[in-house]
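Hello,

Here is the structure I promised to pass on to you. Please have a look through it, and then read on for what turned up.

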Amino acid sequence: MALVDEVKDELAAITDGAASIKKAQASAMIRFGGGLRTFQKHIVVITQFSNLQAARWLQNTVKTVYGHETELVQTTRDLPRGTVNWYSVRVFHDGGALALQSGMLDRRRRPVRGLPEEVVQGNIAQVKAAWRGAFLSRGVLSEPGRPPYLEIVCPGIEAAEALIYMARRLGISVSKRKVMSSLRVTLRDSDVIERMLILMGAAGTAREWSGKRSESEIRGKANRLANFDDANMRRSAKAAVEASEKVIHAFEVLGNDIPENLRAAGQLRLDHREASLEELGRLADPPITKDAIAGRIRRLLQLSAKVEKQRASADQD
């Protein structure tokens with residue numbers, strides 16, 4: 001089971017709370033899950049969910065809070081990534097009454113495009129419930145190991161603006177973006193996502209999501225460090241080979257006219273071509289520091305270059 005389904009199962013298991021809180025969640029689920037349609041000049045409510053527990057929550061709430069019978073229908077869709085089940089909650093006979101009760105129609109029976117004002121301006125518990133309902137309907141959560149995001153696909157700009165406003169009331173900043181033909185409200189900071197999951201009521205899966213993300217980030221960091229160390233080793237080995245070739249050339253140029261300490265440092269480099277400067281310093285007799293061995297090899301090469309330059313000038317004269 002994907003982690004997003006675990007989150008939705010946990011959210012759908014929240015059945016306590018005042019009627020106003022359940023109504024706020026139900027209104028959001030109806031709006032984001034599908035909304036109103038007209039069938040033979042009658043208003044019907046048809047909502048669709050990818051999570052069975054979410055559909056059952058709405059079905060139960062419509063019956064116990066609003067007093068209407070519903071129909072729960074499962075459909076199957078074949079998509080490129082596999083077979084997907086959708087669960088539709090339908091209210092045909094009392095669709096118009098439910099639309100009025102849930103705030104999908106105003107008192108003049110005009111469609112409300114966003115969310116009802118009494119929900120958007122309701123108390124904090126209602127705001128949390130509305131976000132919970134929107135997520136149950138069209139929420140998406142990244143899996144651990146991928147860039148973090150929590151998104152809700154919105155039916156329109158008014159619904160998106162309502163979510164953004166309510167998020168600000170919860171102390172959370174979100175953004176909206178358009179992906180092809182869909183409008184989405186998005187959170188991308190992992191700490192903010194965890195906080196929103198907790199506010200919606202998914203404290204258990206929020207901790208699981210955060211824990212799995214931490215494990216993934218630790219593994220990723222370890223892999224990056226290993227790759228970094230491996231790259232450093234390759235660079236060091238290449239530099240050591242190049243330094244050895246330069247020392248051989250210096251010995252050829254200088255012959256026997258080399259100060260003993262510089263000759264010893266150069267010979268160490270040739271004898272231990274893959275060793276680091278620190279290792280060469282320890283091999284010296286007596287042992288010297290990494291900087292000292294590097295300085296002696298550098299002076300050997302500088303002396304060789306100087307002599308080579310002088311000979312070239314003499315040849316030209």
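Below are some notes on the chain as a whole, on a pair of helices and on one serine.

Please keep in mind that this is a predicted model. The chain contains 12 helices and 8 strands. Its radius of gyration is 35 Å, whereas a compact globule of 317 residues would come out near 20 Å. Along the principal axes, the C-alpha atoms take up a box of roughly 110 × 40 × 40 Å. As for burial, 41% of the 317 residues count as buried.

Next, the helix pair. Helix α10 spans residues 260-271 and helix α12 spans residues 290-316; their axes are 8 Å apart and the packing angle is about 105 degrees. Angles of 65 to 115 degrees count as roughly perpendicular, so α10 and α12 belong to that class. On the α10 side, the contact is made by Asn261, Leu262, Ala265, Gly266, Leu268 and Arg269, while α12 brings in Ile293, Arg296, Ile297, Arg299 and Leu300. By type, the residues of this contact are 6 nonpolar, 2 polar and 3 charged.

Finally, take a look at serine 182, which sits in strand β8 (residues 182-187). Is serine 182 buried or exposed? Its relative accessibility is 17%, so serine 182 counts as buried. The side chain of serine 182 makes a polar contact, at 3.2 Å, with the side chain of arginine 184. Beyond its neighbours within four places in sequence, serine 182 touches Val153 and Arg177.

Note on methods:
Residues numbered from 1 in each chain as written. Predicted model: local features only at pLDDT ≥ 70, side-chain atom pairs only at ≥ 80, totals over all residues. Heavy atoms only, no water. Axes fitted to C-alpha atoms, helices over the stretch in contact; angles between N-to-C directions. Helix = DSSP H or I, 4+ residues; strand = E, 2+ residues; numbered from the N terminus. Parallel < 35°, antiparallel > 145°, perpendicular 65-115°, else oblique. Contact = heavy atoms within 4.5 Å. Nonpolar A, V, L, I, M, F, W, Y, C, P; charged D, E, K, R; others polar. Buried < 20%, exposed > 50% of the residue type's maximum accessible area, 1.4 Å probe, protein only. Polar contact = N/O pair within 3.5 Å; in protein donor to acceptor, adjacent residues only side chain to side chain. Rg over C-alpha atoms; globule rule 2.2 N^0.38 Å.
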